[in-house]
Amino acid sequence: MTLDQSLYLLNLLGVFVFSLTGSFIAIRRKLDLYGVIVLGCVTAVGGGSIRDALTGTAPPIYLRDETFLWVAILGAVVAFAFPRLERFERTLSAFDTAGLALFAVSGALGGIQMHFGVLGVIFVGTLSGVGGGIVRDVLVGDVPSVLYRNNEIYATAAAAGALTVYLLHERLPVLEGQLLGIFVVVALRWLSRRGFLKLPVRST
């Protein structure tokens, strides 16, 4: 299996897990099966849609390769059929981090291909990683969780991964830059969940 094939499969895995996370929120809100599928799919492909829109890619990748949509639907159906899977928080968190890293890196590469500057690349990469979750939270009437995860580094990890890809894209082969960007996201998420890193919060 080539590295491109491995990254493609990990991308699908990220879509599946993002769909699970969105679907579990829909189940908690007592949505029916259709609502669970919609929220799961929005969470799974929302970030990629934002990435493709910002980088001028049309139609979005999930419409050109419907495998992503089928995987997102599968994730929603699995969550609806087996809601107790939500108890495996550590496992889901690991997969969620993998998806975040992959989407942040792919968004950064899209920005680089469009010749964006450093801030543009970080913006696209971050939104690629967290965009689906933002849309999900808005649809269910919540403040997007990325705005108040003060006890965990999440969007910041995606931004750091995107920045890593930008800084290395002229110094290393593309695949090596991708892998290092993914490593940075995973490392920051791990340190955050272990309690070693935390963003400051202004007390009132």
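What span should the 14 residues of helix 7 have at 1.5 Å a residue, and how far apart are its end C-alpha atoms? Helix 7 covers residues 155-168 and should span 20 Å, and its end C-alpha atoms are 20 Å apart, so the two agree. The expected span here is 1.5 Å times one less than the number of residues, and helices are DSSP runs (H or I, at least four residues) numbered from the N terminus.

Before we go on, a word about the model. It is predicted, so local features need pLDDT of at least 70 and side-chain atom pairs count only at pLDDT 80 or more, while totals for chains, interfaces and linings use all residues. Residues are numbered from 1 along each chain as its sequence is written, and side-chain values use heavy atoms, with hydrogens and water left out.

Let us stay with helix 7. Its buried residues (under 20% relative accessible area, with a 1.4 Å probe and protein chains only) include Ala155, Ala158, Gly161, Thr164 and Leu168. Threonine 164 counts as buried because its relative accessibility is 15%. Leaving aside neighbours within four places in sequence, threonine 164 is in contact (heavy atoms within 4.5 Å) with Leu180, Gly181 and Val184.

Now look at the partner of helix 7. Two packed helices are described by the angle between their axes and the distance between the axes. The axes of helix 6 and helix 7 come within 8 Å and cross at roughly 135 degrees. On the helix 6 side, the contact is made by Val118, Val121, Ile122, Gly125, Thr126 and Val130, and on the helix 7 side by Ala155, Ala158, Ala159, Ala162, Leu163 and Tyr166. These residues divide into 10 nonpolar, 2 polar and no charged; Ala, Val, Leu, Ile, Met, Phe, Trp, Tyr, Cys and Pro count as nonpolar, Asp, Glu, Lys and Arg as charged, and the others, Gly among them, as polar.

Helix 6 (residues 118-139) also holds leucine 127. Apart from neighbours within four places in sequence, leucine 127 is in contact with Gly47, Ile50, Leu54 and Ile134.

Key
Helices (H or I, at least four residues) and strands (E, at least two) are DSSP runs, numbered from the N terminus. Buried means under 20% relative accessible area, exposed over 50%, partly exposed in between (1.4 Å probe, protein chains only). Axes are lines fitted to C-alpha atoms, for helices over the stretch in contact, and angles run from 0 to 180 degrees between N-to-C directions.
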